[in-house]
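The sequence and the structure come first.

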Amino acid sequence: MQSNMAPHGMVVTPHHLASQSALAVLRDGGSAIEAMVSAAASIAVVYPHMNGLGGDGFWLIVPPEGEPIAIDASGAAGSLATPDAYAGLAQIPQRGPQAALTVAGTVSGWQEALTISQSLTGRALPLSRLLDDATRYADHGIPVTASQVSATASKLAELRDVPGFSSAFLLNGEVPHTGQRFRQPVLANTLRQLAREGLESFYRGELANAIAADAERLGMPITLEDLQNHRARRPAPLRLDHSRGTLWNLAPPTQGLVSLAILGITDRLAMADADEVDTVHRIVEATKQAFGLRDAHITDPRHLQVDIQSLLTPEWLEAMAAAIDTTQAAPWGKGKGPGDTVWMGAMDNSGLAVSFIQSIYHEFGSGVVLPGSGLLWQNRGTAFSLDPEHLLALAPGKQPFHTLNPAAARLKDGRTLVYGSMGGDGQPQTQATLFTRYVIQNMALQESIRAPRWLLGRTWGQSSDSLKLEGRFSEESSARLRTLGHEVEMLEEFSEAVGHAGAIVRHPDGVFEGAFDPRSNGSAAGY
């Protein structure tokens with residue numbers, strides 16, 4: 001299975017319709033950033049169980065020259081999301097209005113990214129052009145994917161009675177079947193409103209008023225003032241100086257630290273000479289070390305107790321690498337669990353590159369669909385703890401922990417790479433696997449994604465934190481991993497549990513190469 005290559009530009013998304021939306025924008029002379037906004041809007045419609053306008057987003061924009069630009073478009077807990085509001089509960093509910101406790105930031109990220117695009121290119125396509133495909137797909141309908149069907153069926157018991165869910169996502173009261181036409185007319189009207197009034201309307205316009213009114217009626221702890229106070233931020237991205245080049249990822253509240261730390265640790269573990277089992281073992285053991293950093297430090301950036309960038313120094317990375325036993329698995333606790341997300345990438349003819357991720361956290365987020373706007377609201381706030389002494393203790397105005405982290409690299413040989421994956425705890429593991437296979441072990445880009453992967457931690461509907469291997473790993477490999485001390489469980493041959501990965505490379509001669517994940521409905525599309 002070969003990568004797709006093109007001379008002028010490339011996009012990769014986990015749904016082919018979103019890829020086509022982005023590619024059409026590139027053909028119309030739009031930038032990679034504008035193409036990504038179009039893809040982000042389309043995939044919110046065609047993959048609604050994984051992401052949407054009611055969620056959060058993170059951007060890593062790599063210009064042809066100079067430092068990357070990061071955008072944190074994640075929302076904080078609403079002003080009514082006080083610990084007292086959850087009194088008597090052991091934890092924040094995962095579904096329903098009480099789970100819909102953070103402002104949705106993704107649309108603010110679109111706006112911030114378009115501002116950056118215009119500053120870099122000096123031109124801009126109309127917003128209506130960028131939202132056109134998404135509006136049409138919402139209005140006229142799209143064929144339901146097997147992924148959406150599976151998510152709907154598996155989570156129906158906990159979602160059926162959540163306000164707005166059944167009317168939005170069930171067809172005639174039943175789980176839709178694969179290929180059935182699925183329409184979202186109320187969401188289509190919201191997209192038209194945004195195209196007409198501008199993206200600011202989501203937070204400081206007529207749409208914001210409608211969102212706040214619905215939130216109040218439904219008992220969500222978010223107010224109009226919370227929406228009005230929200231702004232996307234541009235934090236400095238985290239940086240790793242790697243033997244093969246410079247790597248970047250997102251700073252807290254994301255776990256970008258984890259993704260960079262794994263690659264910084266494994267850079268010291270002779271990965272070029274590692275066979276399949278040694279590769280898995282070393283990345284898994286590095287993951288355990290990196291998760292320890294994450295759980296000790298990552299929270300709202302205003303509450304950090306340490307300079308996160310300082311944890312990526314050679315001294316830290318060498319100490320963690322030295323702690324790894326290449327012949328024995330270390331014990332570890334529990335991960336953060338699964339998360340539904342989409343990663344997408346785009347590069348244009350100027351060399352501008354985008355690594356982007358958009359999420360509602362769990363499948364279908366909180367399950368709450370606002371009747372006036374058709375917005376499915378995220379449940380990212382369930383990452384908060386109700387323990388007042390916890391690093392992630394709930395507080396109004398506080399940002400929750402995020403698994404989301406888009407990645408990028410400039411390699412010493414002149415290649416530029418954007419890459420990422422969906423999948424909660426699996427995101428940094430998949431990023432490390434893809435980078436190691438492609439950059440360190442010289443595997444072909446598409447094969448780096450297609451080859452069997454693994455997940456250390458929990459997946460959907462499971463409570464075990466075992467090492468889960470796709471079924472294409474041989475019996476010999478799984479047996480060797482058990483001998484090394486790993487608690488191994490087997491998944492199906494191609495499993496969504498290990499995420500939907502993707503990558504784009506711009507080679508030194510300007511040729512683009514893209515690879516998508518066969519576990520998704522995606523594509524790599526260039527021109």
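Seven strands form an open sheet in the order S1-S17-S16-S12-S11-S8-S7, and the pairing is antiparallel. Strand S1 (4-6) and strand S7 (238-242) are at the edges with a single partner strand each, so one side of each has no neighbour in the sheet. From one strand to the next, the twist averages 15°. This is a predicted model, in which local features need pLDDT of at least 70 and side-chain atom pairs count only at pLDDT 80 or more, while totals for chains, interfaces and linings use all residues. Residues are numbered from 1 along each chain as its sequence is written, and side-chain values use heavy atoms, with hydrogens and water left out.

Some terms apply throughout. Helices (H or I, at least four residues) and strands (E, at least two) are DSSP runs, numbered from the N terminus. Two strands pair if DSSP finds at least two bridges between them. Axes are lines fitted to C-alpha atoms, for helices over the stretch in contact, and angles run from 0 to 180 degrees between N-to-C directions.

| Strands | Bridges | Facing residues |
|---|---|---|
| S1 and S17 | 3 bridges | Ala6 and Phe512 |
| S16 and S17 | 5 bridges | Ala503 and Ala515 |
| S11 and S12 | 4 bridges | Ala409 and Leu417 |

Strand S17 is mostly covered, with 5 of its 5 residues buried (under 20% relative accessible area, where over 50% is exposed and in between is partly exposed, with a 1.4 Å probe and protein chains only). Phe512, Gly514 and Phe516 point one way from S17, Glu513 and Ala515 point the other way, and all are buried. The hairpin of S16 and S17 has 5 residues between the strands, and Gly510 in this hairpin has a positive phi near 90°.

Helix H11 (residues 256-266) lies across S7, strand S8 (245-249) and S12, and runs at about 5° to S7. Helix H14 (residues 426-440) also packs on the sheet, where it touches S7, S8, S11, S12, strand S16 (501-506) and strand S17 (512-516). Contact here means heavy atoms within 4.5 Å. The direction of H14 makes about 145° with that of S12.

H14 has 15 residues and reaches 20 Å from its first C-alpha to its last, close to the 21 Å expected at 1.5 Å a residue. That expected span is 1.5 Å times one less than the number of residues. H14 is mostly covered, since 15 of its 15 residues are buried. Asn442, which follows H14, has a positive phi near 60°.

How far apart are the axes of H11 and helix H13? The axes of H11 and H13 (residues 314-322) are 8 Å apart, and the two helices pack at an angle of about 70°. H11 and H13 are therefore roughly perpendicular to each other; angles of 65 to 115 degrees count as such, while those under 35 are roughly parallel, those over 145 roughly antiparallel and the rest oblique. At this contact, Ala261, Gly264 and Ile265 in H11 meet Leu317, Met320 and Ala321 in H13.

**The three-stranded sheet**

An open sheet of 3 strands has the order S13-S14-S15, with mixed pairing. Strand S13 (454-456) and strand S15 (488-490) stand at its edges, each with a single partner strand, so one side of each lacks a neighbour in the sheet. The twist here averages 20° from one strand to the next. Strand S14 (residues 467-469) and S15 run parallel and are joined by 3 bridges, and Lys468 stands opposite Glu489 in S15.

Two helices are placed against these strands. Helix H12 (residues 276-297) lies across S13 and S14 at about 30° to S13, and helix H16 (residues 475-483) lies across S14 and S15 at about 155° to S15.

Most residues other than glycine have a negative phi, and most peptide bonds are trans. The peptide bond from Pro252 to Pro253 is cis, with omega near 20°, and Pro253 is in the loop between S8 and H11.

Asn172 has a positive phi near 55° and lies in the loop between helix H6 (165-169) and strand S6 (181-182). Is Asn172 buried or exposed? Asn172 is exposed, with a relative accessible area of 80%. Tyr361, in strand S10 (residues 353-361), has a positive phi of about 80°, and Tyr361 is buried at a relative accessible area of 8%.
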